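Work through the exercises below with the structure open beside you. Try each task before you read its solution.

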Amino acid sequence: MSAARVRHPAAASLLALALASCSPSPAAPAASTPATRGPRVVLPSGKVVEVELARTEAEKAQGLMFRESLPADTGMIFLFDTAEARPFWMKNCHFPLDIVHLGSDGTVVDVLANVPPCAADPCPNVAPKAASTTVLELNAGTAGANGVVSGTKLKLVEVPGR
């Protein structure tokens, strides 16, 4: 320790502050960037759900089949070019789902809540009451717990064409 630092602690503090302000800033921490990136849906409650996209016919046919579960706060969104009342089925799905049908502007046109997995073949179809261009599959109970009902509007973020 030098004699100047011992005699003038305030000067040493000012020097340290001046040196710190001239040093390069550390890289921004990862927390400063949005935690959720990529396609997602914001539910009426404010809950953000990360979604996988099913755009191709093969992706739509596969859906969530053969998966043992769906992680919390995630879902799958099916994108269609035209509005139709499309029936879905739960063949080879191992957990119940909420199936939310949306209009082109993100307005919920129907919610099929707690649709059970299909244990027997042939699996029944579950059809919405109205035509939709987008279908969102969520873990059962998520829609109701987050205010997703017919007439509410969901915000689709980074979902192509929506």
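Helices here are DSSP runs of H or I with at least four residues, and strands are runs of E with at least two; both are numbered from the N terminus. Keep in mind that this is a predicted model.

**Exercise 1. The pocket**

Find which helix and strands supply at least two residues each to the lining of the largest pocket.

Solution. 
- Start at the middle. Lys60, Ala61, Phe78, Phe88 and Trp89 lie nearest the centre of the largest pocket, out of 17 lining residues.
- Now place the elements. Helix 3 (57–62), strand 3 (74–84) and strand 4 (88–89) each give at least two residues to the lining.
- Helix 3 gives the most, with four residues.
- Sort the lining by type. Eleven residues are nonpolar, two are polar and four are charged.
- The largest pocket holds about 270 Å³ of space.

**Exercise 2. Salt bridges between separate parts**

State how many salt bridges the model has. Then work out which parts of the chain are tied together by Arg67 and Glu52.

Solution. 
- The count is six salt bridges.
- Take Arg67 and Glu52. Their closest N and O atoms are 2.6 Å apart.
- Locate the pair. Arg67 is in the loop between helix 3 and strand 3, and Glu52 is in strand 2 (residues 48–54), so the bridge ties together parts 15 residues apart in sequence.
- Read the accessibility. Arg67 is partly exposed, at 27%. Glu52 is partly exposed too, at 34%.
- Turn to Asp121 and Lys91. Here the closest N and O atoms are 3.0 Å apart.
- Locate this pair as well. Asp121 is in the loop between strand 6 (108–115) and strand 7 (125–126), while Lys91 is in the loop between strand 4 and strand 5 (97–102). The two residues are 30 apart, and they link distant parts of the chain.
- Finish with their accessibility. Asp121 is exposed, at 58% relative accessibility. Lys91 is partly exposed, at 21%.

**Exercise 3. The cysteines**

Identify which cysteine is joined to Cys118.

Solution. 
- The model has one disulfide. A disulfide is a covalent bond between the sulfur atoms of two cysteines.
- Cys118 is joined to Cys123, with 2.0 Å from S to S.
- Check the burial. Cys118 and Cys123 are both buried.
- Find the hand. The torsion about the S-S bond is about -100 degrees, so the disulfide is left-handed.
- The cut-off for a disulfide is 2.5 Å.

Technical notes: Residues numbered from 1 in each chain as written. Predicted model: local features only at pLDDT ≥ 70, side-chain atom pairs only at ≥ 80, totals over all residues. Heavy atoms only, no water. 1 Å grid on protein atoms, 1.4 Å probe; cavity = no way out; pocket = protein on both sides within 12 Å on 5 of 7 lines; lining within 4 Å. Points joined across faces, edges and corners; volume = space filled by probe spheres on them. Nonpolar A, V, L, I, M, F, W, Y, C, P; charged D, E, K, R; others polar. Salt bridge = Lys/Arg side-chain N within 4 Å of Asp/Glu carboxyl O. Buried < 20%, exposed > 50% of the residue type's maximum accessible area, 1.4 Å probe, protein only.
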